[in-house]
Amino acid sequence: MKYAIIADVHGNCPALRTVLEDAGRKGITRFLFAGDYCISGPWPEECVSAIRGIEDKTVIRGNEEKYLENLQGKDPAGWTDGQMQASYYAFRNLSPENRAYVLAQPERADFEVCGVPVHMAHSSVDFIGTRAFYTWNSVTVAERSGLPGADPERILAGMRDERERDPEFLEAASGLERGIYIFGHSHIQWTWQDEQAGVYMINPGSCGLPLDGRPDCVPYTILEITEDGQVRIEEQQVPFDKAAYIGTVKKSRMYREANIWSRVILRELAFAREHVYYFLRFVEQFAKEIGDERRPYAVDTWERAYEAWKTKQELFPAE
């Protein structure tokens with residue numbers, strides 16, 4: 001049996017369709033979705049509809065589905081801050097049916113294929129604690145790569161080598177029972193396996209917002225489990241015109257309604273590296289300096305912080 005594993009779509013329906021089409025050309029009809037479908041791109045409704053339209057699938061929630069859940073039953077008249085504008089946009093642009101669908105999904109899925117246990121959660125933290133997420137994530141890649149131009153394959157290969165030598169990671173991995181462990185969240189595609197123990201870890205990367213430094217492509221992972229329980233894993237990188245996507249987003253209603261968040265996200269897409277973490281850290285310090293204790297951040301603080309942060313960046317895409 002073959003599965004396409006997809007995670008972290010983040011409202012980027014063109015990327016999702018690109019990955020689904022590539023999987024379809026490879027004859028794959030079974031899909032595993034590992035969370036975060038709606039926030040940060042202009043098409044939350046279309047993303048959820050596309051997933052719902054797939055017949056053979058397993059779907060779990062991610063951490064960003066919690067933001068949508070927290071808005072349930074709240075008065076939109078109180079949605080006046082700047083920080084949560086992308087969440088407000090996603091909530092408003094999901095039909096009640098699709099919103100109910102995505103919020104009804106479980107946080108974990110555990111099942112068996114051809115005698116092999118399969119476990120799904122949005123984050124590796126569910127399986128091996130914080131070591132993998134906080135050591136090999138998008139911030140790590142950004143700090144290692146510096147400005148665009150560094151070879152992402154070399155950086156990611158170095159991280160793979162470190163995993164094989166890291167005693168804390170290896171100790172956590174050795175505590176896992178036989179099976180396949182699927183997760184996303186870090187926006188970095190990676191795979192680790194101990195075939196002797198029958199343990200496999202799969203992070204397919206982010207379909208909609210990859211932060212691995214690779215230009216003009218989006219990832220997913222193919223998992224094959226044979227009838228006799230053999231496991232094969234193939235990481236995929238599918239060509240995707242990020243420049244065209246960025247141009248389309250700039251014409252969208254989300255770009256107007258959640259402008260600062262959209263601009264930070266488009267910066268991430270342009271460079272395929274982490275920026276949200278650094279921006280949020282900057283906003284926190286900026287708010288302290290101006291004596292603003294409101295959280296989430298007010299629109300004025302949010303916008304002023306962005307303009308101040310932008311001037312400190314060594315490279316910035318045209319806006």
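## Pairing of β6 and β8

In this predicted model, strand β6 (residues 179–182) and strand β8 (residues 199–204) run parallel and are joined by four bridges, two strands being counted as paired if DSSP finds at least two bridges between them. Within this pairing, Ile 180 has Tyr 200 of β8 as its bridge partner. Strands here are DSSP runs of E with at least two residues, and helices are runs of H or I with at least four, each numbered from the N terminus.

The open sheet is formed by five strands in the order β4-β5-β6-β8-β7, with mixed pairing. Its edge strands, β4 (108–113) and β7 (189–194), each pair on one side only, and the twist averages 15° from one strand to the next.

Helix α10 (residues 167–174) lies across β7 and β8 and runs at about 65° to β7; angles are taken from 0 to 180 degrees between the N-to-C directions of lines fitted to C-alpha atoms, for helices over the stretch in contact, where contact means heavy atoms within 4.5 Å.

## Packing of α13 and α14

Helix α13 (residues 259–271) packs with helix α14 (residues 276–289) at an angle of about 140°, their axes being 9 Å apart. The contact involves Ile 260, Trp 261, Val 264, Ile 265 and Glu 268 of α13, together with Val 276, Phe 279 and Leu 280 of α14.

## Basis of the description

Residues are numbered from 1 along each chain as its sequence is written, and side-chain values use heavy atoms, with hydrogens and water left out. Because the model is predicted, local features need pLDDT of at least 70 and side-chain atom pairs count only at pLDDT 80 or more, while totals for chains, interfaces and linings use all residues.
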